[in-house]
Amino acid sequence: MTDDVRQGPPGVDTRAGLGEAISLRLRDVIRSFGELSAFTWLSLAIACLLTIPVISVLANVFSSGSGTWQHLVETVLPNYTINTTLLILGVGICVPIIGTTTAWLVTMCRFPGWRIFEWALILPLAVPAYVMAYTYTDFLQPSGPLQQWIRDTWDLSFREYWFPEVRSLGGAITMLSLVLYPYVYMLARAAFLEQSICALEVSRTLGCSPRSSFLRVALPLARPSIAAGTALALMETLADFGTVSFFGVQTFTTGIVRAWIDFGDRIAAGQLSSVLLAFVFAILLMERLNRGVARYHQATNRYQNLPRYDLRGSRGLLAFLACGLPLTLGFLLPCILLISMALESETALITSRFLDLVFNSFTLAAITASIAVVIALVMAYGVRLNPNSLSRFAVRIASMGYAVPGTVIAVGVLIPFARLDNAVDAWMESSFGISTGLLLTGGIAALVFAYLVRFMAVSLNTVEASLGKVRPSMDDAARTLGQSAASTLWRVHMPLMWGSLLTAGLVVFVDVMKELPATLVMRPFNFDTLAIQAHNLASDERLTEASIPSLAIVIVSIPPLILLTRAIARSRPGSGPRS
């Protein structure tokens, strides 16, 4: 019986058939490689290049260092693990509650100020978390205005009353939650705007209240978006260095910077980075498992203006407070405090040093944004020309860096680039007697590459979405007129996508302006940015002086966020005039 099963049907050699199938499959794969366009080959090369930092970090897992790793395991590694876990748990609870609630209120309800809140609630993204930490520390510390007012009003002295300690794990959770909830707000609002009115109407005819319709219909439909937004917020939490460092909270990010800068042990830094990568992959896995096997789809193409529930009286007041509180605490109050501190600063607002910082920050952000948009355009067009699994895999690999903290990328870039610099310098010295120095790590080249790895997904997603809206018939028409693939991209697609390309570049520009940990680890000697200057001044407790570069970062970040809010508001299919 066993022989019959192996042989299969009479007259058929199963082993020969299997070998022939494998041979045909290999020929198909080889043929598909030969049919790839130059854009797709370039995409594959870029994807391989962008994976270098992660591979470099993982290669240090089993390396033997100078004993720093063992010292970290015996002393601070448990604290790193506990604090990092509590941090992501706290932010993971607060962010979806704030983001989902505010998104539902401004999308489905009318209450005082809802038109302002729908675009203003995204503004806390303009305030880096470490800037928030600096401003609130100055405002809430014992010598700050709030506690001084409490003592003067009730005639109390210090320690005669209880006041929460802002420089704590709870303070870090609060700061990060106020800054990162817009990730959930943006995606949840887009999901609510895209929902069909029919599902909501059916729930109301079945006796559901607005609250029940939200919990039983709208929330499950928006569940993937909420989970994705929460995952983004948690990955940004893992990447944060300025807030936890300033508050004295020991996490893996602070440990990586300390191992690299203080101990000078790249292997220990790489091993800590590997553990932090495990946290990142765990978050991505939980986000995937949170979706489960359930799938939620719209059952109709009927789209109308969403019905808005009028909230009056106490309900309107509660809705106003629910939206106004995170906006006030996450944007308005920090901006007022920054402006106040900047005006009180004894140093001049505009100095040659400040202009140098602005120039350095602007140069890094502009170069990175320009290259990121070009690379994203090449990779997205490669997928359009050859929409196979290989080209799509290259895009996903290139997007992976956004899930990796800046400190991890910095370590992963510095290790191989430093080896390459040293190898080139040694070869030039031995061959020609010329010392080239550090070509990559001695300038901004390695830093720009780290930024590209970190933020490529931001530009790539925007460009992909925009290119997908261009009808394929335009490609066919251009080709019949004798245009090549490159000429079609330049003369047809790019003019149509100009707005989206500008948006992608602006978002990357803002992200680079705010990036602190990668810049702190990788910046060339005597090369500072606004983010570095704000961090250094705040670390020296010179909070008033730190307000000036911090305020500059916030001002630059606001316009792209307003453009992004308008794009979300126009995302609903069939949306009519606002009422």
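Below is a quick chat about this predicted model.

Me: OK, what are the ground rules for the numbers here?
Reply: It's a predicted model, where local features need pLDDT of at least 70 and side-chain atom pairs count only at pLDDT 80 or more, while totals for chains, interfaces and linings use all residues. Residues are numbered from 1 along each chain as its sequence is written, and side-chain values use heavy atoms, with hydrogens and water left out.

Me: What's the mean pLDDT of the protein?
Reply: The mean is 80, and 81% of the residues reach 70 or more. pLDDT is the predictor's confidence in each residue, from 0 to 100.

Me: Where is confidence lowest, and where highest?
Reply: Lowest in helix H1 (residues 2–7), with a mean of 45, and highest in helix H6 (residues 77–108), at 92. The pLDDT is below 50 over residues 1–9, a stretch with four contacts in the model beyond near neighbours in sequence. Contact means heavy atoms within 4.5 Å. Residues 293–303 also stay under 50, and for them the model has 21 contacts beyond four places in sequence.

Me: What should I do with low-pLDDT coordinates?
Reply: Where pLDDT is low, the predicted coordinates should not be read in detail.

Me: Fine. How many helices and strands?
Reply: 26 helices and two strands. Those are DSSP runs numbered from the N terminus: helices are H or I with at least four residues, strands are E with at least two.

Me: And how much of it is buried?
Reply: Buried residues are 49% of the 579. Buried means under 20% relative accessible area, exposed over 50%, and partly exposed in between, with a 1.4 Å probe and protein chains only. Of the contacts with a separation of 6 or more, 82% are between residues 24 or more positions apart.

Me: Which residues have the most contacts inside the largest nonpolar core?
Reply: Phe111, Met379 and Met522, in a core of 167 residues. A nonpolar core here is a set of buried Ala, Val, Leu, Ile, Met, Phe, Trp, Tyr and Cys residues joined through side-chain atoms within 4.5 Å. Leaving aside neighbours within four places in sequence, Phe111 touches residues including Leu105, Phe117, Leu311 and Phe320.

Me: Switching topic: at what angle do H8 and H9 pack?
Reply: About 15 degrees, with the axes of H8 (residues 129–140) and H9 (residues 145–154) 5 Å apart. That makes H8 roughly parallel to H9, a label for angles under 35 degrees. The axes are lines fitted to C-alpha atoms, for helices over the stretch in contact, and angles run from 0 to 180 degrees between N-to-C directions.

Me: Which residues meet there?
Reply: Asp138, Phe139 and Leu140 from H8 meet Pro145, Leu146 and Gln147 from H9.

Me: What about glycine 242, buried or exposed?
Reply: Buried, because its relative accessible area is 1%. Glycine 242 sits in helix H13 (residues 242–246), and beyond four places in sequence it contacts Tyr130 and Leu516. Its C-alpha is 9.4 Å from that of alanine 531, which is 289 residues away in sequence.

Definitions and conventions. Angles under 35 degrees count as roughly parallel, over 145 as roughly antiparallel, 65 to 115 as roughly perpendicular and the rest as oblique.
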